[in-house]
Amino acid sequence: MVHLLFTLLIQALVPVLAQNNPIHVKSCRSYCGNITVDYPFALQPGCGHPGFRDLLFCINDFLMFHISSGSYRVLDVDYAYQALTLHDPHMSNCDSIVLGNRGNGFVVEWWRAPFLNPTQDNAFMLIGCSPESPLFQGFPGKHLPCRNVSSMGCEEYYGCPAWDVIGPKRVGSVYGTGPPECCSVPFDAIRAINLTKLECQGYSSAYNLAPVRAGGPDEWAYGIRVKYSLSGSAAFCTACEATAGSCGYDIDGVNEVCICGSWNSTSNCDSVHTSSGRRTSYLVDTKAGFLISMIVWMYYKR
């Protein structure tokens, strides 16, 4: 009988001690297809960095990136270099020129701009732009904003097979036919790739991954390489994750919190979060002490 009561008391004590020392499970990391979705991104509301909320969606195992200019498929998330690689299905490449103003381009919301922009080695090649395009305004004569970006530009791009379908290429004012058929610019030069506002028929985008330099346009990496930054939030998340918490934000979508299972902390999961939590901890300690006393008393009573 004593052994039975001893066993029952031990079984009762284990969950009580576990309640006092909860194991926090990281609840925000997830996957979409073969891509890991982790801080600062997330697929669940309340997880990740508030500046990246409502940005990624998993649709039929495809990770999609959505901003004001449209939706893009995410090909890769490079957490070490803080960059995403995006694919726009209506973007031109070396094998196909897509016209008709169908491409998304790239326009990010103003409040995301401090955290999210194409990398400096990303060349945007705008195709079939009108002479009245804002791209060419304020540039007299041959002094156009078009230039190579990270050793990539339209002169090389003209060598792609896709241009054989388009026909002869205009070379701007050299032949008196207006602006060039293709104008390569860095994102920083115009801050938005909006085909409608720029009055362009299409675009292509390519990027370099240093120190690798592709030999020609048929070897370029086509897509949009986007750099993200955390604006000083990394320290908070590091402290949170060190205590097995998940980094997220509160209901107002602004302030960061550390998600610790059933409760949130403004610092980390080792902190005492509320006065209610302190009372709970006191009651748990009391229960544990009582059960331990009973075990000791019954052991010696034998």
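In this predicted model, Cys 129 and Cys 200 are joined by a disulfide whose sulfur atoms lie 2.0 Å apart. The link is right-handed, with 100° about the S-S bond. Cys 129 sits in the loop between strand E8 (122-127) and helix H2 (154-157), while Cys 200 belongs to the loop between helix H5 (195-198) and strand E10 (202-207), so the bond ties together parts that are 71 residues apart in sequence. Cys 129 is buried, at 3% relative accessibility, and Cys 200 is buried as well, at 0%.

Nine disulfides are counted in the model, and two further examples are worth a look. A disulfide joins Cys 240 to Cys 258, with an S to S distance of 2.1 Å. The torsion about this S-S bond is about 85°, so the disulfide of Cys 240 and Cys 258 is right-handed. Here helix H6 (residues 234-242), which holds Cys 240, is linked to strand E14 (residues 256-260), which holds Cys 258; the two cysteines are 18 residues apart. Both Cys 240 and Cys 258 are buried.

The pair formed by Cys 32 and Cys 58 has its sulfur atoms 2.1 Å apart. Its S-S torsion is about 90°, so this disulfide is right-handed. Cys 32 lies in strand E1 (residues 30-32) and Cys 58 in strand E3 (residues 56-59), so the pair ties together parts that are 26 residues apart in sequence. As for solvent accessibility, Cys 32 is buried, with a relative accessibility of 1%, whereas Cys 58 reaches 35% and therefore counts as partly exposed.

Technical notes. Residues are numbered from 1 along each chain as its sequence is written. This is a predicted model: local features need pLDDT of at least 70, side-chain atom pairs count only at pLDDT 80 or more; totals for chains, interfaces and linings use all residues. Side-chain values use heavy atoms; hydrogens and water are left out. A disulfide is a pair of cysteine sulfur atoms within 2.5 Å. Helices (H or I, at least four residues) and strands (E, at least two) are DSSP runs, numbered from the N terminus. Buried means under 20% relative accessible area, exposed over 50%, partly exposed in between (1.4 Å probe, protein chains only).
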